[in-house]
Amino acid sequence: MKHETKPVSPAAALAALRPSACPGLVRVVAARDGGLCRIRLPGGMLSAARARALAEAALAHASGVLELTNRANVQIRGVRAGEEAALSATLIGAGFGPDGIDAASPVEHACAADELRNVMLSPLAGIDPNASCDTSGLAAALIDMMQREARFAALSPKFALQLDGGERMAMLEHPHDIWLAALPHGARVRFALGLAGSPATQPIGTLASEDICASIRALLHAFLDLASADATRMRDVLATHSLDALLQRARDHGGFALMRDDAALHAWRREASPAGLRLGAHALHADGSGYVGAQPALGRLDAPTLHALATLAEDSGDATLRVTPWQGLLLPNVPARVMPAALERLHALGLIVSRDDPLARLIACTGSTGCAKSRADTKADAQRLAAVLPPGVEAHLTGCERSCAAAHCAPFTLLASEPDHYDLYERDDTQSRFGRLVARNLTIEAAALALAQRPRSTQDV
Ligand code: SF4
């Protein structure tokens, strides 16, 4: 393998070439519990065969612990020192690499191609009969366009796009640098286009589906033209340049076909998906067939569980799994008669299948067992909080201000102040990261009491 013969490790070569702390398929980043490898899944889709390959790679080269991420990807934790390149090669050999990349590809090419795959789709892309279109083909075309143009390797590994086909379940809380959402009416599909937000926010215009690749290409060039060295996200460029300046620069690159005054946008509204759609059995078709949703507690599962999920997907559905941006997964194309047994098996595997489970309403970052920045063991504290969490309350525990587990502002945030202690924030309508500070330095038990008192509490600081 070409990159194994280099005198420096792939990680060191990448750090010099494209400095980033963002893990990837070939960029295995050091963490307190070992290396961290992130595997980007197109549309969150994972075949049973690849799920087994992932589980086996996690056991062969790492601790066997895996995480589902809030961008519908998978991470392998605890990669053993010296086994990073072998893990990446194993995963690329199993088909997890970008198209056109194999184990002999130069590591910097593999890394750049991998990092241009941040395109989020609905977990129901292509299987929801109520959707306006199947976005998976468009996603593949956009990724191919970005990977072909050498200049786009300069985009940040965090630069992300979202395609919304109008499915009944879509992530609307995560801001994306560029988002496209299918307009619900019309013989030819047009897409609303928005920047630095999500389909829940106001679009800037519309694009015909056949114009999307050329238009997004022009927009990416315009972004790179205007971005200063420390401006990595669309919001950074829009903070220093007007929207009109950005769009004019995109037009200068050619092929930019945005219609800004499309009447279809006057009534633009994209409703958030009911949280209940993420878990349990849901029919999509008249014969009752559909999908079954579940989530591992706090987004973490072990290799044997992933192995068992692969078998369940073969027995119950179409031998595929879909990872969701709520750190859960779906089994698509499950016949109605099979759904009850599939739910029972998911429950028996330790997965959450109902919103009644308090752990369905908690998210937590890696915490101090895996991250040196963390001021508390957020995963363990979330488990303790689950035992006393008031009904209906949703909370996010984060070990520091970076908020890795949540790209959105949760209804309540517990920000670690020291081991076993947290500052409590409540979401409000300001733009502040976690909302309004409610109380400082609470134990988990005191936090549960404070949460139970919301919104009636008059003890706010
Ligand atoms: S939010 Fe902070 S403490 Fe938690 S994993 Fe991210 S960097 Fe570490």
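This is a predicted model: local features need pLDDT of at least 70, side-chain atom pairs count only at pLDDT 80 or more; totals for chains, interfaces and linings use all residues.
Local features were taken at pLDDT of at least 70 and side-chain atom pairs at pLDDT 80 or more, whereas totals for chains, interfaces and linings use all residues. Residues are numbered from 1 along each chain as its sequence is written, and side-chain values rest on heavy atoms, with hydrogens and water left out.

The protein chain is assigned domain 1 (2-106), domain 2 (132-165 + 174-265), domain 3 (275-357) and domain 4 (360-453), the bounds coming from an automatic or database domain assignment. The centres of domain 2 and domain 3, taken over C-alpha atoms, are separated by 33 Å.

Helix 10 spans residues 339-348 (helices are DSSP runs of H or I, at least four residues; strands are runs of E, at least two; both are numbered from the N terminus). Met-339, Ala-342 and Leu-346 of helix 10 are buried, and on its other side Glu-344, His-347 and Ala-348 are exposed (buried, under 20% relative accessible area; exposed, over 50%; partly exposed, in between; 1.4 Å probe, protein chains only). Gly-350, with a positive phi near 90 degrees, follows helix 10.

Gly-34 lies in strand 2 (residues 34-39) and is partly exposed, with a relative accessible area of 22%. Its C-alpha atom is separated by 4.0 Å from that of Gly-78, 44 residues apart along the chain.
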